Amino acid sequence: MAAKFFTFLLLLLQISCSTLSSALQEASPATNHTGQINSNSVLVALLDSHYTELAELVEKALLLQTLEEAVGRHNITIFAPKNEALERDLDPEFKRFLLEPGNLKSLQTLLLYHIVPARIDPHSWPKSASDLTHHRTLSNDRVELTGDDSSGARFIGTAKVISPNAVNRPDGVIHGIEQLLVPRSVQQDFNNRRSLRSISAIKPEGAPEVDPRTHRLKKPAPPVMPGAPPVLPIYDAMAPGPSLAPAPAPGPGGPHHHFNGMRQVKDFIETLLQYGGYNEMADILVNLTSLATEMGRLVSEGYVLTVLAPNDEAMAKLTTDQLSEPGAPEQIIYYHIIPEYQTEESMYNAVRRFGKVAYDTLRLPHKVLAQEADGSVRFGHTDGSAYLFDPDIYTDGRISVQGIDNVLFPPEAKSKEEKKTIKVATVKPRRGKLLEVACQMLGAIGQDSRFTTCRL
């Protein structure tokens, strides 16, 4: 009886082992199917492409795992908006709505609306507006593909395809489009949220900001059209100096970011190094101070600059005492930056016409004086003046760099000791002394005898 019982247990064990083995075999293909993404995948290409804004949103929306599973199952087509569409052209209020933690579902729906779980190559695109096709996206919404037979343009919804086959990989393709695609459900969520805010009794506002220079509340800057010159003076946009805030200047990319200021500053510094003879100036801008970052931020916000760059021979004359004081290098360079765009021709024409021209500098309230001398432009006053030595080293419409042969310093104000009137303590003379002085004066003046005799 016991032998039969053990035989029955052994049979049950064999059946359970075979069932577990078959289950593992069935599950193993699915595990391998979604286990690892190939380095040549379209998803990897998206994260490494120049569509950086879209890639950052995909990571913030926690969609990497979802996209990995989609790529593992079939080819995909990604319609990627250009960076400007997400960075500058997008409504700031709508962007804040998408990035709020409570609206993660809306952000995921928006991004999945740009991905079709099928490969759509340019040759399979409709040729005309009447020959349209619909495709279901990963958000379970449909997108409409059309074409224009006259111009050959391709459209997805209302967005024009500007870079077909921008990225082509075995498991998918990326087409660049000019604007963001917004599904109806996300737009409805945003409209509902905006309606609730408009009828709320108290609108949330941020804490007031205090200007460290004036210790007054900052006034919000008025809206600026893309490409328009900034409304605020450049001095209000500058980072506080070392005397006010020892922290480095903030990075580029202000609230408007119409220009790539850091790229332009990097270009002009590389031009200084390649031009030769201006290595010390480049070293101060990049290593000794954070002025390169500050200039990049200003140019990004639409300001223009003219840099009077002293050559290496001039910079070598600077003493350790002149550079060792806190904020001294910044103040020296600030006096060499003019918040205008000037070229060698414009400055020379100005000094020829007006004789002397005083240019504002970033070192308030000092100005740098320019005048014509020996067929060129001379900056500064008689002592410590500098000539325009290498004209137009770098000019790109936003930054102008002019080489000079000396380091400029603002004219030193008179010392307080010279300004003070020196008061000499005098002793009140006696009456007899006064008579003696009067007699001497009268004797020197008059010819009359009555003025020559004085009795003390």
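Hi everyone, and thanks for coming. Before we look around, a word on the ground rules. The model is predicted, so local features need pLDDT of at least 70 and side-chain atom pairs count only at pLDDT 80 or more, while totals for chains, interfaces and linings use all residues. Residues are numbered from 1 along each chain as its sequence is written, and side-chain values use heavy atoms, with hydrogens and water left out.

Let's begin with the overall picture. The protein has 18 helices and 14 strands. Those are DSSP runs numbered from the N terminus: helices are H or I with at least four residues, and strands are E with at least two. Of the 456 residues, 36% count as buried. Buried means under 20% relative accessible area, exposed means over 50%, and partly exposed lies in between, using a 1.4 Å probe and protein chains only. Now take the contacts between residues at least 6 apart in sequence: 65% of them join residues at least 24 apart. A contact here means heavy atoms within 4.5 Å.

Next, the sheets. Two strands pair if DSSP finds at least two bridges between them. To find one on your screen, look for Pro81, whose bridge partner in strand 7 is Ile177.

Glu372 has Val377 in strand 12 as its bridge partner.

Now for a pair of helices. How do helix 3 and helix 7 pack? Helix 3 (residues 52–60) and helix 7 (residues 104–112) meet at an angle of about 135°, with their axes 10 Å apart. The axes are lines fitted to C-alpha atoms over the stretch in contact, and angles run from 0 to 180 degrees between N-to-C directions. The two helices are therefore oblique to each other; under 35 degrees would count as roughly parallel, over 145 as roughly antiparallel, and 65 to 115 as roughly perpendicular, with the rest oblique. Leu54, Leu57, Val58 and Lys60 in helix 3 meet Leu104, Leu107 and Leu111 in helix 7.

Last stop: salt bridges. A salt bridge is a side-chain nitrogen of Lys or Arg within 4 Å of a carboxyl oxygen of Asp or Glu, and by this rule the count is four. One of them links Glu294 and Arg297, at 3.3 Å from N to O. These two residues sit three apart in helix 12 (residues 291–300), which means about one helical turn separates them. Arg297 also forms a salt bridge with Glu301, where the closest N and O atoms are 3.4 Å apart. Arg297 is buried at 8% relative accessible area, and Glu301 is buried at 12%.

Compare Asp360 and Lys367, whose side chains meet in a salt bridge at 2.2 Å, N to O. Asp360 is partly exposed at 30%, and Lys367 is partly exposed at 40%. Back at Arg297, shared partners join Glu294, Arg297 and Glu301 into one network of salt bridges.
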